[in-house]
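Visitor: I have a protein model here, and I would like to be walked through it slowly, one question at a time.

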Amino acid sequence: MLKIKIGKYLVAIIVSSGITVGKGKAQVFTNDVKILTAYEHSVDSLLASDGTLNINLAQNQLKQRGSIVKINGIKPSKRVLKANDLYKLAKQATVITGCAYLCPKCDKVHLSESSGYVIDSKGIVVTNYHVMATYAFMKDGNKPKGFFVRLSDGKTYNVISILASSKIDDLAILQLDTKGDELPALPLAQRAEIGDQVYVLGHPKGMHYYFSQGFINNKYMEQTGEPNNRIYREMMAISADYATGSSGGPVLDIYGNVVGTVSNTNMLLHSDMNPSVQMVVKNTVPVESLWKIIEK
């Protein structure tokens, strides 16, 4: 406060410093290079311990059908959260999955990142089937070395088993070797409806913990599979943004409950004659499909 005398009057003037002081701590800016570098160092250490998911075991477990996983899940919330509070909550249980491999061109271990989320504090994680298939059935001369999960606090864990999977529904449930750690987990909703507001948290193209908002646009049966063996699966289209690297990330309702899992995108073109992109459908796996491989 500045006081100046004008004539016989003493006038108080409040001078702004240009700095706004908030009640809480300012959010930290994400350093993607730092996160990736730390993740790679953790992976190198875990690879030296030789405790990660064996490639032959991964292939066999992905081929198995009918497995049901029993979890100690969290009771769904009914309290509406502010978006930034929801982000903080979800970030703790949203993971970076890491497929470590060697390429034919060098002897450096590379790390391919995707997303996932914890549903049981004992280290049970959900991601996509296609994320695990990339590791188990690696192509182009690349050699898989291990599969890992990193939490937002920097702790990195070996994936030691694929507890259940569904190729049709593009889901895989993993078991981590937590060494006794209790992990933060997200609750599962029973379902969501078209028009509901949703949020997505994931790692598109190495942008770690990218948070987006949208709505459920459609719930429909998608035709997929080989031309001579077409199948239908449940899909939930949303308008929240995501891209490669977000696969396996959680889709959350306004209460912080999981209502879906990021799966793929589908570009809708004008026509074969005019291949301009008119719309991109963001396909996610509805939580109803996840419940098929989890014991209620």
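Predicted model: local features only at pLDDT ≥ 70, side-chain atom pairs only at ≥ 80, totals over all residues.

Guide: Residues are numbered from 1 along each chain as its sequence is written, and side-chain values use heavy atoms, with hydrogens and water left out.

Visitor: How many helices and strands does the protein have?
Guide: Helices (H or I, at least four residues) and strands (E, at least two) are taken as DSSP runs and numbered from the N terminus. Counted in that way, the secondary structure of the protein comes to five helices and 16 strands.

Visitor: What share of the residues of the protein is buried?
Guide: A residue is called buried under 20% relative accessible area, exposed over 50%, and partly exposed in between, using a 1.4 Å probe and protein chains only. Of the 296 residues of the protein, the share that counts as buried is 43%.

Visitor: In what order do the six strands of the barrel follow each other?
Guide: Two strands are said to pair if DSSP finds at least two bridges between them, and in general the strands of a sheet pair through backbone hydrogen bonds, either parallel or antiparallel. Here the pairing is antiparallel, and six strands close into a barrel in the order β4-β5-β6-β9-β8-β7.

Visitor: How large is the average twist from one strand to the next?
Guide: Axes are lines fitted to C-alpha atoms, for helices over the stretch in contact, and angles run from 0 to 180 degrees between N-to-C directions. From one strand to the next, the twist averages 45°.

Visitor: Which residue is the bridge partner of Thr97 in β5?
Guide: Strand β4 (residues 94-102) and strand β5 (residues 109-120) run antiparallel and are joined by nine bridges. In β5, the bridge partner of Thr97 is Ser114.

Visitor: What angle does the direction of helix α4 make with that of β7?
Guide: Helix α1 (residues 32-49) packs on the sheet, touching β4, β5, β7 and β8, where touching means contact, with heavy atoms within 4.5 Å. Helix α4 (residues 129-136) also packs on the sheet, and the strands touched by α4 include β6 (124-127) and β9 (171-177). The direction of α4 makes an angle with that of β7 of about 145°.

Visitor: Is Ser165 buried or exposed?
Guide: Ser165 lies in strand β8 (residues 156-166), and, not counting residues up to four places away in sequence, Ser165 touches Gln61, Leu62, Gln64, Tyr129, Leu171 and Ala172. Because its relative accessibility is 14%, Ser165 counts as buried.

Visitor: Which residue of β13 stands opposite Val200?
Guide: Strand β10 (residues 197-202) is mostly covered, with five of its six residues buried. Six bridges join β10 to strand β11 (residues 210-226), which runs antiparallel to β10, and β10 also pairs in the antiparallel sense with strand β13 (residues 250-252) over two bridges. The residue opposite Val200 in β13 is Val251.

Visitor: Is Asp140 buried or exposed?
Guide: Asp140 sits in the loop between α4 and β7, and its phi is near 60°, a positive value in a residue other than glycine. Because its relative accessibility is 72%, Asp140 counts as exposed.

Visitor: What is the phi of Lys205 near?
Guide: Lys205 is found in the loop between β10 and β11, and at 68% relative accessibility Lys205 counts as exposed. Its phi is a positive value in a residue other than glycine, near 50°.
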